[in-house]
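Hi,

Here is the structure I said I would pass on.

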Amino acid sequence: MENKNCIFCLEKADTKEHIPAKQLFKGISDKDLITVPSCKKCNSGFQKDEDFFRQFWASFFMGRSKEAKQLMENEITRSIKRRPALGWQMFKQMKPVNRLSEAGEHLGKATLINITESDRTRINRVVDKIIQGLFFKEFKKIVPKDWSITIHWITPNMEKEQKLQEMTKTMACKVVKEDTFAYWFNFVPDTYQSVWILDFFRIPLFYVFVRETTKISNK
Ligand SMILES: [Zn+2]
């Protein structure tokens with residue numbers, strides 16, 4: 001490994017961190033996973049947020065994705081047994097709702113997850129980490145500490161919109177595992193300021209800007 005420093009804190013790297021977490025995938029061989037140099041402290045520091053991230057999206061998409069459903073049923077059931085508090089917290093936030101078509105026709109039940117501000121923060125922490133990892137993989141550079149990583153959540157309406165499809169036309173697409181995770185990106189040559197779209201379970205969930213922070217001069 002050429003880079004000997006943790007890409008998150010710049011201390012000495014003594015482990016490899018998976019981007020995104022390995023536990024999100026089922027039936028993938030190690031060589032297909034993305035890893036970046038990391039110190040032990042950063043590596044284990046993401047664990048709780050990543051558990052939450054996986055559980056949140058797997059339960060959210062289990063009705064739409066076979067892979068999400070399997071994750072939910074197997075691995076997650078096991079991890080809830082280990083840490084019941086996390087499972088209970090998710091359960092409290094889920095609310096069954098009736099799905100209606102635009103014409104008002106009943107389409108069956110769906111689960112609505114009430115997302116709190118602190119959950120959103122946890123999810124954003126995981127997205128931030130994934131972006132730092134992908135940036136390193138693609139550009140062989142560490143996101144400078146004074147740059148900003150701005151995360152936008154893609155809403156179901158936006159997903160349908162042309163806008164997103166238009167955006168992806170100019171972007172490179174990398175598939176890590178087709179049914180689980182893929183990403184899109186585009187960047188300004190030389191500076192590596194970039195835009196990213198993260199797809200989980202075939203659904204685009206986040207678009208993210210990595211930018212040099214504008215320096216405001218006080219004249
Ligand atoms: Zn570190």
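**The cavity and its helices**

The largest share of the lining of the largest cavity comes from α2, with three residues. Before going on, a word on the source: this is a predicted model, where local features need pLDDT of at least 70, side-chain atom pairs count only at pLDDT 80 or more, and totals for chains, interfaces and linings use all residues. Residues are numbered from 1 along each chain as its sequence is written, and side-chain values use heavy atoms, with hydrogens and water left out.

Back to the cavity. Searching the whole structure turns up one cavity of 30 Å³ or more, and the largest cavity holds about 40 Å³ of space. Grid points are joined across faces, edges and corners, and the volume is the space filled by probe spheres set on the points.

The lining consists of Pro20, Ala21, Leu24, Glu50, Phe53, Arg54, Val126 and Ile130. Two elements, α2 (47–61) and α5 (117–139), each give two or more residues to it. Helices here are DSSP runs (H or I, at least four residues), as are strands (E, at least two), and both are numbered from the N terminus. Sorted by class, the lining has six nonpolar, no polar and two charged residues. The classes are the following: Ala, Val, Leu, Ile, Met, Phe, Trp, Tyr, Cys and Pro are nonpolar, Asp, Glu, Lys and Arg are charged, and the others, Gly among them, are polar.

The expected span is 1.5 Å times one less than the number of residues. α2 is largely enclosed by the rest of the structure, because twelve of its 15 residues are buried; among them are Glu50, Phe53, Arg54 and Trp57. Buried means under 20% relative accessible area, exposed over 50%, and partly exposed in between (1.4 Å probe, protein chains only). α5 has 23 residues and reaches 32 Å from its first C-alpha to its last, close to the 33 Å expected.

**The zinc site**

Which residues hold the zinc ion? The protein donors are Cys6 (SG), Cys9 (SG), Cys39 (SG) and Cys42 (SG), lying 2.3 Å from it. Donors are N, O and S atoms within 2.8 Å of the metal (3.2 Å for Na, K and Ca); water is not among the atoms, so sites may look incomplete. The four donor atoms subtend angles of 102 to 118° around the zinc ion, which makes the arrangement tetrahedral; for four donors, that label needs all angles between 85 and 135 degrees.

In sequence, the donor residues are spaced C-x2-C-x29-C-x2-C. Cys9 lies in the segment before β1 (15–19) and Cys39 in the loop between β2 (34–38) and α1 (40–45), so this pair ties together parts that are 30 residues apart in sequence. Cys9 is partly exposed at 32% relative accessible area, whereas Cys39 is buried at 8%.

**Loops worth a look**

Pro20, from the cavity lining, sits in the loop between β1 and β2. A cis peptide bond joins Ile19 to Pro20, with omega about -15°. Phe25 lies in the loop between β1 and β2 too and is buried at 7%. Its C-alpha is 8.2 Å from that of Leu71, 46 residues apart along the chain.

Two non-glycine residues with positive phi are also on my list. Tyr192, with phi about 65°, lies in the loop between β7 (181–187) and β8 (194–200) and is partly exposed at 22%. Arg202, with phi near 70°, is in the loop between β8 and β9 (203–212) and is exposed at 52%.

Finally, Pro144 is in the loop between α5 and β5 (147–153) and is partly exposed at 30%. Pro144 and Val210 are 66 residues apart in sequence and 9.8 Å apart in space, C-alpha to C-alpha.

Cheers

Methods. Four donors count as tetrahedral if all angles lie between 85 and 135 degrees; four count as square planar and six as octahedral if opposite donors are over 155 degrees apart and all others between 65 and 115; anything else is irregular. On a 1 Å grid over the protein atoms alone, a cavity is a set of points where a 1.4 Å probe fits but cannot get out, and a pocket is an open set with protein on both sides within 12 Å along at least five of seven lines; lining residues have an atom within 4 Å of a point.
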